[in-house]
Amino acid sequence: MIALGTTLVILVLAFLLAASISPFETLGWWAGWYGDRDDEQSLEDAFKQGGAEILVEPSQKSHFVVFLTGVHSVSGNTYAGREINLLSHLEKHLDDCEIFEVFPYAVTNRALTGERVFGAFWRWAYNRKRRGQWILGTIINMRNIFQVGIAADKRYGPMYNQGSAEMILRGLRENGYQSGSGVPVTLIGYSGGGSIASGAAPFVKSQIQAPVVVISLGGAIFSHDGLLRIDKLYHLIGNDFLHKFTNIVFPMRWKIFAYSAWNRAMRRGLIVLYDLGPATHTGKGGYLDSKSFLDDGRSYFQQTVDALVTIIGVSSQSEID
Amino acid sequence: MELGLFSTLFRAIRFDPTVFRDIQLATNGFSISLIIVLLAGLSEALGQSVVLFANKVKPRRFIASLLVSGVIFAVVVVCWTLSIWLINSILLGHGDVASFADTFRVVGLGYSPLILGFFILLPFLGGPIAALLAAWSFILVLFGLRYAFDFSLMEAAYASVFGWLLYIVIKNTIGYPLTAAFRSLKRRTAGTPLQKDLRELFFRKNTKS
C-alpha cells in the first residue's frame, strides 16, 4: 500500500515537473537562445524570408488550406491513417485549394523526431507507439497537450502563437502564396491543433491581409483577444468529451463572464458552433471514423469531410462575393 | 541539537507544530531558515522567469538575474521579519519572548512552501499555484508564530498581518530608495529594461496587428 502511494506521488511529481519545464522550448526560442530565430525577427520577416530563400513558383490556387494535426503527432506529416484519409479526401473535393500540413507542437519548427536533444527518445517512443505500446503514445500525447496549455496560457501564449504563425506564414510562402494576393486562408486544426490554429490565426491575418478562417475539429479553444480579430471560427463538435471538459476548465467560456473574448466573439457571430451529431472526439465513433454511420447513411468520416468542404466552399464564396 | 534541511522542510510544509519549536533550539536553526529563504527565492524567481525570457535576457545574465532575485527575496523576508518583530515587541509586548533572530527562524521556515515556486511555470495553472503557495506560506508563518512562541491565534494573526502592513508602509516610504535600488540592480543584471507588463511587451513591440 505504501509502495503504491509512493509510486503515485512520484508519478504526480514527475508529471508536474515535466509540465513545468515544458515552456522552456518556447521561452528559449523567443529569447533567441536557440532555434533559427534572431533577437529582432518579426512575423513580417518570417513571411518575407520564406519567399526570398526558397524560389517557389507562385500558386494559382484560389484558396490555401493549412492542416494542423492532433496531439498524437510527432512531425509535420501526419502518420495517422484517418488523418491521411481526411487530407486525401479534401484534396479530391477541393481541387482549387493548396493544402499542406504544419506541425503545431513546436515553435522551433522541429519535429519531435528531428534534430533535438531528446530526438532519439521521441523516435524510439514513436516507433514503439506504432507497434501498439499505448503508454508511449500517452507520453507523446501529454508532451503535445502541454504545448496546447502553453498556447492557452496568458504568459506564454503570445510567444507560442506568434511562433506558430511564423511556421504557417513560412509554409504559405513555400507553397507559393503571394503576398498581397488577398487569397483566403483556412486553418483546419484537429483537437489540440484547433487550439493552436485559433491562437496563430490573428497573427497570420495581420501579415497576409486576407481573410483567415479557422476550422476547429473538436479543438480545445481557449478565450483570447485574437478570437475577435479573425474572420470566423467554425467549431465543429459532436458528442465530444473535450468540448464538455473545456467548457468547465476554461472559465472565460462560462456565460457569467459575458465580456470575455469568447463570449463577445460568440455574440458577434465570429464563432459558429457546428454540430457533428453523435460523433466523438477520436477513435471508434470519432469524427474520422468511416465505420460508424449516421441515420442518413453517411459515415461519421463523410459527415466531417462534407462539413469541411462546405465551410471552405462558403469561405471561398464569400471572398469572391 | 542539529536539524536536517530536508526533514525540516517536509515537517514544515505539513504544518508539524514541533518543527517551529525545534528550530528555536537547534544550533543550526538560523542557517536552516536562511537556506530555505534563499532556495525559496531562487525557486520563485525561476517560476516567474517568463519576464526575463520575454525581455530576451541572455543566458548568463538570466542565471545572474535569478541569483540576484533570490538575494533580494531574502532581504524582503528579513524586512518583513523586522516588521513582525516590531509589532511583537511594541504592540504586543512580546519582545522578551521572541527576539529578531528567533522571529526570523520562524518566518524563514514559513517560506518552505515557496521552494515549490518553480511550479509557477506550469502552463495554465501557474497563476493559481502562485496564489496557493503565497497563501500557504502566509498561513504557515502565522501557524509558526503561534506554536513557536505560544501565542494565541489572534496574537499570531496580529503579528503577521500588521507586520505585513507595516512592511508595505515602510517599503513605500522610507524604504523607497532601497526598492528603487533593487529595481535598478535587477535591470543592470538583466542588461536590458525589464517590461513586466507582458501584454504591453507583446502587443505593442512585436506585432503589427
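Trainee: What should I know before I start?

Mentor: This is a predicted model, in which local features need pLDDT of at least 70 and side-chain atom pairs count only at pLDDT 80 or more, while totals for chains, interfaces and linings use all residues. Residues are numbered from 1 along each chain as its sequence is written, and chains are lettered from A and ligands numbered from 1 in the order in which they are written.

Trainee: How many helices and strands are there in chain A?

Mentor: Chain A has eleven helices and six strands. Both are DSSP runs numbered from the N terminus, helices being H or I with at least four residues and strands E with at least two.

Trainee: In what order do the strands of the sheet in chain A run?

Mentor: The six strands form an open sheet in the order 2-1-3-4-5-6, with parallel pairing. Two strands pair if DSSP finds at least two bridges between them.

Trainee: Which strands stand at the edges?

Mentor: Strand 2 (97-102) and strand 6 (271-275) of chain A do; each has a single partner strand, so one side of each is left without a neighbour in the sheet. From one strand to the next, the twist averages 20 degrees.

Trainee: How many bridges join strand 5 and strand 6 of chain A?

Mentor: Strand 5 (residues 232-237) of chain A pairs with strand 6 of chain A over five bridges, in the parallel sense. Within this pair, His235(A) stands opposite Leu273(A) of strand 6.

Trainee: Which helix packs on the sheet?

Mentor: Helix 4 (residues 81-93) of chain A packs on the sheet and touches strand 1 (63-68), strand 2 and strand 3 (185-190) of chain A. Its direction makes about 160 degrees with that of strand 2 of chain A. Axes are lines fitted to C-alpha atoms, for helices over the stretch in contact, and angles run from 0 to 180 degrees between N-to-C directions.

Trainee: Where does chain A touch chain B?

Mentor: In chain A, 27 residues are in contact with 19 residues of chain B; contact requires C-beta atoms, placed from the backbone, to lie within 7 Å. Helix 6 (134-152) of chain A is one of the elements that give two or more residues to this side, and helix 6 of chain A gives the most, with four residues.

Trainee: Turning to chain B, how do helix 2 and helix 6 pack?

Mentor: Helix 2 (residues 17-25) and helix 6 (residues 100-110) of chain B pack at an angle of about 140 degrees, with their axes 9 Å apart. Helix 2 and helix 6 of chain B are therefore oblique to each other; angles under 35 degrees count as roughly parallel, over 145 as roughly antiparallel, 65 to 115 as roughly perpendicular and the rest as oblique.

Trainee: And helix 3 with helix 6?

Mentor: Helix 3 (residues 29-47) of chain B packs on helix 6 of chain B at an angle of about 40 degrees, and their axes are 8 Å apart. That makes helix 3 of chain B oblique to helix 6 of chain B.

Trainee: Is Leu114(B) buried or exposed?

Mentor: Leu114(B) is buried, with 27 other C-beta atoms within 10 Å. A residue is buried if 20 or more other C-beta atoms lie within 10 Å of its own, exposed if 12 or fewer, and partly exposed in between, with C-beta atoms placed from the backbone. Leu114(B) lies in the loop between helix 6 and helix 7 (126-148) of chain B.

Trainee: What does Leu114(B) touch?

Mentor: Not counting residues up to four places away in sequence, Leu114(B) touches Ala40(B), Ser43(B), Glu44(B), Leu133(B) and Ser137(B).

How values were computed: Contact = placed C-beta atoms within 7 Å.
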